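Dear colleague,

I am handing over the structure we spoke about, and it is placed just below. My notes on what was found in it follow.

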Amino acid sequence: MNPLRAKIAIPLLSVLFLSYPAQAQQLVSQNQDGFESNLYEGNLNALPERDSTVVQREVPKDYVRWKMDPYTGLKDTVGNDTVQYLFQNQHKTEGKLSTYNHLGNMGSPRISRLFSERDGRRRFVFDRPYSLFIKDPGDFLFTDTKTPHLNITYFNGGNKRTGEDHINGYFAANFGKLTGIGLNMDYLFGRGRYQNQGTSMFDTRVYAYYHGDNWSLHASFNTDQIKMEENGGITDDRYITSPEMMSEGRKQYQPEEIPVRLSRNWNNLKRKQALIVNTLSLNRHYEVTDSVGDTIMTSTFSKEFATVSNTTEFGILKRRFITYNSPNAYYQHEWLKNDSLDFFRNFYVSSTLSFNLNEGFSKWAVAGLNAYARYELRSYSMSDTLPDGKRTEFQKRNNEYDIFVGGSIQRVTGRNLKIKAFAETSVLGDRLGDFTLNGNLELHFNLMKQQAALEARAVFSGTTPDYFQRHFHSQHFWWDKSLKKELTSRIEGEIRIDRWRTRLVVGLNNLNNYTYYADNGVADVNGRILSDIAVMQEGAGIQVIDATLHQDFKLGPLHWDNSVTWQYTSNGSILPLPQLNAYSNLYLRFLYAKRLQIEFGGDVSWFSSYYAPDYSPALGQFHLQNSASMMKIGNYPFMDVYINCKLSGVRFYAMYSHVNQGMNIENGAPFLAPHYPVNPRMFKIGLSWTFFD
């Protein structure tokens, strides 16, 4: 047994065994009815008759969680995270359905292979690769609970030296019916199976809210810190693809023995954010008259018909790239020779005033309406040099601001038809003319005597690239470019037939002025390719077509769940995507002893080979591979076996990941990013437990 797990398991078992006799003795000696142990005459199985006047205390376990919409200032209720299905994949950096590429270690930078999953909406461009861990204030969950409760979720894999741990939890409590507080904490530590690959991430969030009759207040604060040790990938892919060629008389190399390209290089992100939402309810009073016999009674009622909200958010976002040791033949340029630290900072303040008319407040209000105005101030800083020929370094600052106006209309209470539409544009400021339009229509109907749902979605946007895409000054990369607005559109249709366990999603994307990073480095005198990353923009349009089929099968306790995505890109050299991506999960689901729910099986993920984006430590972003050293990844299955259980609200699992390590696959190798092999096989465990009262 793993020594760490033994240290945890032995005290827990000791507490259980020691507490059982004490509990039994307490039941025998004195119970709630006041009976003493001398009345039992040594019969431990005898129980007194219950006194009907004694009320048994039951701890209520009901609670509701919601997010705050940053545009309307209204609550958006979400489901509680108590689902057993795919709990074993919840902590995986590649995602629940294994659709992300990453650098191998838990929490490392990642990018989705499915274009429809890529989301560039981040206030800080350097946050994008850490989507597994980072959450913005609009993603934060508030909790209204009848009983104070604590949830702890823990994941562990590997050993003390090269393993990984991820623990997160939250505490929620209410003071009466109007006020609630809470605390969330999240800690991830991946030591890394390969050299110089460690990740350390810590997030703390606190919140409080007040719900009055006419006024409500929500406030939250979070602070995050991410440390990512950069190794630049292994020096030679043959350590993984052809280990016999590199063994030098040895049987094989251990992962921690394989040489890597970088040492003593770190990416460090620090984030502090706060959110304050004030909401004022506007009520309409009306009277209802009724008569009982000769008596006439008039009652006065109040109903909310609108709300006025103010949402204020501010944050300080920082990124540092620290270089204490850089090889001579790695980067093409050294722009800041007097510094070993790249520093980027983004301070922002956003304030939104919104007015909302509630859906259904009268018989004419068949839809809800919203209108808002938002002011944003953004302050950026990064390294720069004075034009005096002496390369004097200093921190250059630049401010931008914008005023946005927008609105939405939605009908969500309809039985067969639901509609949502949203529009926003910048009317003044540095992003003048930026716009977003999106709509969603959901229709329920009968198809071949089966209940079906058809959903149509459309998104059109014109956005100015991020400031740090237009301007980037660092030790190794330097540019200032005037980039055009990115014009994107996506039209998507989805059909669901629950009885058949079928869901089909088809989408069409059109991209103009697509912005990306490319490595334009050239070879040195020894033939080694040097890194020189720059931002680029493709003027010609790029089309992406995708179709995803989710099809599940069930035969008694046997379940077989599948997800297959097909993609087509009209310009694979600028926007490379795998043509096929598949995930399959075969398992038995059954109930043991009428209480323990068990899922036992295995899953496999696979994608077709393609020239996947490479990763730059100094940039902290994924980019196109250098044309002089192209490498395909893919055409390799990743297989796991697991047992996933749930007992009275407690979820736990055991998994053996990458069980097919060492499998010889023609034209395939275990890489999810060029030169970054995935972790070898590893035993993992996980537990999620909620404690009430």
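How many bridges join E17 to strand E18 (residues 450-463)? The two strands run antiparallel and are joined by 13 bridges, where strands are DSSP runs of E with at least two residues, helices are runs of H or I with at least four residues, both numbered from the N terminus, and two strands pair if DSSP finds at least two bridges between them.

Before the details, please note that this is a predicted model, in which local features need pLDDT of at least 70 and side-chain atom pairs count only at pLDDT 80 or more, whereas totals for chains, interfaces and linings use all residues. Residues are numbered from 1 along each chain as its sequence is written, and side-chain values use heavy atoms, with hydrogens and water left out.

The chain has four helices and 35 strands, and 45% of its 693 residues are buried, which is to say under 20% relative accessible area, with exposed being over 50% and partly exposed in between (1.4 Å probe, protein chains only).

To return to the strands, E17 and E18 form a hairpin with two residues between them, and Met-448 in the turn has a positive phi of about 55 degrees; within this pair, Asn-440 has Arg-457 of E18 as its bridge partner. On pairing with E16 (residues 417-429), E17 (residues 435-447) is again antiparallel, over nine bridges, and Lys-418 is partnered by Glu-442 of E17. Five residues lie between E16 and E17 in their hairpin, where Gly-433 in the turn has a positive phi of about 95 degrees.

Leaving aside neighbours within four places in sequence, Tyr-130 is in contact (heavy atoms within 4.5 Å) with residues including Met-201, Ile-226 and Tyr-615.

Finally, Thr-143 lies in strand E5 (residues 142-145) and counts as buried because its relative accessibility is 0%. Its side chain makes a polar contact of 3.1 Å with the side chain of Arg-65, a polar contact being a pair of N or O atoms within 3.5 Å, of which, within protein, one must be able to donate a hydrogen and the other to accept it, and residues adjacent in sequence count only if both atoms are side-chain atoms.
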